[in-house]
Amino acid sequence: MSLEKQLRDYKKIREISPRENEILETVRKSGEAFFASEQDKVLSYHEFLWLQLKVVRKRWWVLQLILLFVLGGVLLAAQEDKYIQRSMGVAATLFVILIIPEFWKNRSCRALEVEAVSFYSLRQIYAARMMLFGIADTFLLTLFCGSVSFSLGVAFKELLVQFLFPLCVTACICFGTLCSRHILQEAVAVGLCILWSGVWLLIILNEHIYTNITLPVWAFLWGLALVSLFAALYRVLAGCNKYWEVSLDGIEI
Amino acid sequence: MDADFLLIRQMKQGDEASFDVFVRKYYKDILNYCTYHYPDREYARDITQEVFVRFFSGLSGYHYRGKTKNYLYTIARNLCRDYLKKMRETPVEEWDACGGEDRKENTMEGVLDKLTVEQALKGLSEELREVIILYYFQELKLTEIGDILHIGLPLVKYRLRQAKMQLKNCIEII
Amino acid sequence: MELKFDNLTKEFGNFTAVDHLNLTMTKGVYGLLGVNGAGKTTLMRMLCTLLKPTEGRITCDGKDIFEMDGEYRKVLGYLPQDFGFYPEFTVKDYLLYISTLKGIPPAAARKRVKDMILKVGLSKAANKKMKKLSGGMKRRVGIAQAMLNNPKILVLDEPTAGLDPNERIRFRNLISELSEERLVLLSTHIVSDIEYIANEIWLMKDGKLMHKGRAEELIHSMEENVWECFVEKDLVSSFVKRYKISNMKSEMGGVTLRIISREKPFENAVQAEPTLEDVFLYYFGEKAGDGNGAV
């Protein structure tokens, strides 16, 4: 008999079969071991970002996209009508207002307290949202500005002044009011934005004022707006754990 | 094995049904592998369970690189070696210890052959015996054996040749 | 594990919400009793690092909790009085979301959420939207979310407020179960919530700790006695003005009053065994005749 056959026969004799109960017990213990080791792990920041992205309701981004389409359509229809062009500011305000429901969802749902006490606290949540919304909105805006200036021949300077500037100011208002210590309702923030929109329209549609504002002035205003926006963003992150430093007439104490 | 890729992914997500599938897939092979190192069946079963528990403990950090089976064998091999270090060299009688119901007792000839092979195997060095176990009993490919033992293919072939030669000589003498 | 309040003070402008508190906590259930405005919520918020103390500090095993930052929050579970959530989420999705905030990896999170839903008895409602849940069920989700990270410190701010008696009993049992191997701080103004489950009860008033101890100790510490007497209905108002009344039970022909007083208030008054409710009134109650008096 060949060696191979002898070894094969030996194997057959020695082979044993597992019992069902030991398999089940092994599965059980393996599961326990796995979950025990998983519990000790901490969710990494990029996994956290990814999950935040999944939770954000995309419908608001879709609405923003639709808004930009409509604006593009209006510009196309109006062509050279400069008054219509100047009204882009209104659309800009609306664009920013559409962030409010989703970005500050935890505020309107009064979920701040629970979120502030978790491992990834409010600071990380807001930073994550800023990143996600920042990327998405920058992408949408770039697409819009690019296609509008390319296909409709609208000068970039016009876009900067008529659209992006009021957008920036509106964002400042939103981040400034909704992330301050004093709890203002979203309606107030929206109200302020609309107010700004009105003021802006008055300025821009008034031929006298508009033509008197020269390029350096615009540049200065733009710089101011950008700085204010970054300051507001910074304040959000720095101050988000101080919301409770306000006693509300002794009721919540 | 591509099937393992999907399975491991499901397991990493905590899908308990996939744990069951995985364990059932490899349990018998690992169990039998362990019995060649530990004739004591109960001991072998304990080690087998430990192999899977170890694997699952490290599952979170496990990156699928193909050949999960080889990885399991590596764990099993290390565990067997660790346990061995704690014990003294097992006396000859223990090779036949317990578990009468698990063995397929055949003819007188079969029994004689079994003893012969066993004696011959015992005469091999540890590394040669390992190759025999993995090649003939676990029916692994040469490349897989090399992967598990962390040696090159030529060395695997060499050891296998040596082992077969020594076994033949042993058996002829016996 | 030991939590220590070291001369803890919190002032909002001129108003002192928590006044130089010195306390130590280890494992078990601590009940924080007091009326609204006593400083309970402020204390709990400080414990959860939502508020920074004006003076003093809180330490966990010797380390300042504000310096521990994320490490402390990892072992903390909190259910605020005003528990807000995202109404469109289902129970399961909401708990999974909170799990990510708590830094729990997805596989462990799924298992943990499943276990917690089972533990709080919401298996049938797991896929219901949060806005469709009853008050009691919402609170149970609240407790589930607080427990997701298996916290060593569990802080519950008036968890039974607004619940019906059945829900309250269920809550009590749940907390009792969860309190093993954990430090639980539970605030309430309903005495029966903590009477049987608390290892130590703290009585808080105007930001100060008035008294602390086990239920029996507090009862024995009362310097006045409890009397039960049966009076006619029209005499009740005069009694209410003269004495602290702990309980009123309407019966045939009159009312049984439970009065707290050093001396026997009435001829046929019978001394009764004091309960924790009596203690509560003894420390926090005023007679109806007083300026601010509410019984």
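## Domains of chain B

In this predicted model, chain B is assigned two domains: domain 1 covers residues 1-99 and domain 2 covers residues 104-174. Where the two touch, domain 1 of chain B contributes 10 residues and domain 2 of chain B contributes eight residues.

On the domain 1 side of this contact, helix H2 (16-37) and helix H4 (68-86) of chain B each provide at least two residues. Sorted by class, the residues on that side of domain 1 of chain B are four nonpolar, three polar and three charged.

## Contact between chains A and C

Chain A and chain C also meet: 28 residues of chain A are in contact with 35 residues of chain C. On the chain A side, the elements that give two or more residues are helix H2 (20-40), helix H3 (45-55) and helix H9 (112-116) of chain A. H9(A) gives the most, with four residues.

The side of chain A that touches chain C is made up of 15 nonpolar, five polar and eight charged residues.

## The sheet in chain C

Chain C contains an open sheet of six strands with mixed pairing, in the order S6-S7-S8-S3-S9-S10. Strand S6 (76-79) and strand S10 (208-213) of chain C are the edge strands, and each of them pairs on one side only. From one strand to the next, the twist averages 15 degrees.

Methods
Residues are numbered from 1 along each chain as its sequence is written. Chains are lettered from A and ligands numbered from 1 in the order in which they are written. This is a predicted model: local features need pLDDT of at least 70, side-chain atom pairs count only at pLDDT 80 or more; totals for chains, interfaces and linings use all residues. Two residues are in contact if their C-beta atoms, placed from the backbone, lie within 7 Å. Ala, Val, Leu, Ile, Met, Phe, Trp, Tyr, Cys and Pro count as nonpolar, Asp, Glu, Lys and Arg as charged, and the others, Gly among them, as polar. Two strands pair if DSSP finds at least two bridges between them. Axes are lines fitted to C-alpha atoms, for helices over the stretch in contact, and angles run from 0 to 180 degrees between N-to-C directions. Domain bounds come from an automatic or database domain assignment.
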